[in-house]
Amino acid sequence: MVAARKQILGVCYYPEHWPDERWDEDARMMADAGIARVRIGEFAWSRIEPQPGGYDWDWMDRAFETLAAHGLGIVLGTPTATPPKWLVDSMPDMIALDRNGNPRGFGSRRHYCFSHRGYRRECARIVTDLAKRYGRHPALAAWQTDNEYGCHDTVESYSRAALEGFRDWLSQKYQSPDALNRAWGNVFWSMEYRSFEEIGLPNLTVTEANPSHVMDFQRYSSDQVVAFNRLQTDIIRAHSHGVPIAHNFMGRFTGFDHFAVSRDLDIASWDSYPIGFLDRDTSDEENKRHYLGVGDPDNQALHHDLYRTCGQVRNGESEGRWWVMEQQPGPVNWAPWNPAPFPGAVRLWAWEAFAAGAEVVSYFRWRQPSFAQEQMHEALLLPDGEPNEAFEVCCRVSRELESIGAIAAPKRQDVALVFDYESAWAWKIQPQGRDFSYIDLVMRFYRALRQCGVSVDVVPPDPGAVSDRRLVVVPGLFAGTQALIDALVAGDATVLLGPRTGSKTADFHIADGLPPGPFRRLIDVNVRRVESLPPFASVPLADGGRFDGWREFLVPGNGVVTKRAATDGHPAHVAQGRVHYLGGRPDEETAKAITDEILQEAGIETLDLHRDIRVRDNGAVRYVFNYGPEPVDVADIFDGAQTLFGTTVLPPREVAAFRLQPE
Ligand code: GAL
């Protein structure tokens with residue numbers, strides 16, 4: 001049974017930014033708008049502890065009481081993303097260093113180094129005191145650790161603390177310098193070390209550093225995020241028994257292993273800024289123009305399906321929880337250009353999240369500040385304290401949530417798309433073609449699945465995550481584990497292996513016996529050459545479509561069928577039984593065509609959707625979204641089923657839901 005909790009709205013609030021006299025009015029307006037959760041505190045260290053050891057709890061006590069008096073549940077952030085000036089001055093080496101060795105100075109946020117022991121002690125101290133004071137407060141609904149680990153490129157620090165920590169981490173991993181030299185291939189260019197003390201960080205090298213060295217530093221840095229977070233969650237659990245703990249992850253961000261951090265979280269959440277992200281994705285200009293004020297229809301959806309899985313890591317599929325901790329309400333301040341949402345977009349985003357099983361959608365932020373870095377970032381209220389457009393949307397969505405019952409989190413989907421953080425690091429370290437991006441490769445397959453009307457779980461490369469599926473898609477998985485391959489061999493799912501899968505060992509060597517290395521247990525094919533291509537070139541395929549940017553030269557073994565070939569005759573897509581291998585980065589047309597065929601082979605229903613329409617199945621309810629500028633008739637998808645809300649001619653940026661026929 002999948003847990004069903006009532007869906008609610010939230011907001012991020014900074015009482016310390018506003019006069020105390022206004023707080024009661026704010027809390028009343030929040031409650032009137034149907035808001036149930038209010039996140040506070042995550043940047044408030046300098047107000048909680050203005051002097052070393054001199055706490056000022058008074059204002060936060062009053063903020064708790066004011067919000068609680070209006071029935072609001074509080075999400076309390078630990079303030080460790082913003083160490084105050086006095087703390088930095090008391091131990092200046094807690095500051096992170098960038099890859100050029102420059103300090104990431106005070107004056108914004110996230111200026112700390114994850115490896116610094118002294119800073120960790122300070123964090124443990126303030127989190128302990130915060131948890132002791134508020135951990136049992138009846139209005140406390142959840143915790144948030146820190147804020148957006150890794151934001152502003154802050155996972156890695158090239159500091160003395162990181163260097164010492166890295167050496168220690170390496171000595172534990174390899175036990176002897178010889179073992180490390182072999183694993184890294186240090187005989188190359190005379191890079192051999194005689195002791196762990198000789199090893200440096202992989203920055204400031206003359207040309208590229210050894211990929212195995214960089215990969216281990218990335219793993220080390222990711223482990224520091226995990227440890228930093230665990231330090232806080234252990235303390236919170238000791239003093240705030242039973243209150244769930246969340247962290248707010250980001251979009252299009254792969255700098256640390258989110259599945260590993262999620263082992264210590266009860267709730268995975270993420271910060272969704274659909275328009276802000278549009279600029280970062282690699283779709284073409286026409287696509288960006290078309291979706292300018294609503295965002296790419298598949299980008300936020302991919303993250304919902306990923307973070308839903310993260311939310312299940314600790315407590316299992318049936319108890320998994322995930323939220324949107326920050327939802328864009330209007331133009332933001334941080335993208336190169338900041339368009340306003342099209343009418344309907346803000347509501348559409350909330351429904352796409354709820355349909356994907358989000359328990360809370362929480363707007364960032366309550367009131368637009370008239371000062372400091374984010375004064376150009378819109379909010380539910382204008383800087384003058386009057387409601388802005390998103391406030392009205394919030395009222396509407398909360399009324400709608402009131403009128404429908406709880407939405408269960410979606411059950412395990414038939415289709416799993418494997419997502420792996422190490423692969424993202426690997427292809428960043430060694431892209432081989434300038435524009436090769438792991439997340440974009442994954443997105444090509446995800447988009448194709450969504451365009452076929454299929455709902456997807458985005459999962460880690462673990463045996464448990466791929467078992468009991470009808471289709472497993474594995475694009476660009478850098479190094480497969482034996483356990484994963486055993487599970488794929490033992491199962492009966494159709495499997496689509498994408499380019500670069502299995503092409504390296506975990507040590508970052510070319511796979512034994514050529515790629516796809518251990519995946520040859522699933523399909524007898526060798527990759528004997530790869531080529532990367534500039535944006536102006538591509539590889540046309542004989543039956544239409546093309547590979548762009550990346551193509552492999554495949555040598556199929558006996559019993560392997562060529563399903564598609566390039567116009568120059570080289571096999572491009574091969575299959576053996578239920579396993580397919582795709583030797584290139586497919587353009588949209590090719591990805592869609594292959595996905596469609598494979599879904600049919602796996603016996604999964606596909607839909608023929610209009611460009612702007614997306615569908616999400618959640619148990620017995622199917623949600624249909626129109627991301628486009630024109631009304632679209634979706635009656636064929638409804639097929640006479642009972643409408644829960646919305647209309648079959650779906651206006652621009654509208655959503656409809658209907659009950660699926662029982663199977
Ligand atoms: C998020 C961050 C918030 C705020 C917001 C602005 O990345 O967590 O604190 O900066 O962006 O869009």
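Predicted model: local features only at pLDDT ≥ 70, side-chain atom pairs only at ≥ 80, totals over all residues.
Trainee: What makes strand 25 and strand 27 a pair?

Mentor: Pairing needs at least two bridges between the strands. Strand 25, residues 643-645, is joined to strand 27 by two bridges, therefore the two count as paired. They run antiparallel.

Trainee: How do you know that strand 23 and strand 27 pair, and in which sense?

Mentor: Strand 23 covers residues 621-626 and has five bridges to strand 27, against the required at least two, so the strands pair. The sense is antiparallel. Here Tyr623 stands opposite Ala657.

Trainee: Why is strand 27 called mostly covered?

Mentor: Strand 27 spans residues 655-659, and four of its five residues are buried, which means under 20% relative accessible area.

Trainee: How many disulfides are there?

Mentor: The count comes to zero.

Trainee: Is Cys113 buried or exposed?

Mentor: Cys113 has a relative accessible area of 1%, and buried means under 20%, so Cys113 is buried.

Trainee: Why is Cys151 in no disulfide?

Mentor: For Cys151 the nearest cysteine sulfur belongs to Cys12 and is 14 Å away, whereas a disulfide needs the sulfur atoms within 2.5 Å, so Cys151 is in none.

Trainee: What makes Cys151 count as buried?

Mentor: Its relative accessibility is 10%, and the limit is under 20%, therefore Cys151 counts as buried.

Key:
Residues numbered from 1 in each chain as written. Heavy atoms only, no water. Buried < 20%, exposed > 50% of the residue type's maximum accessible area, 1.4 Å probe, protein only.
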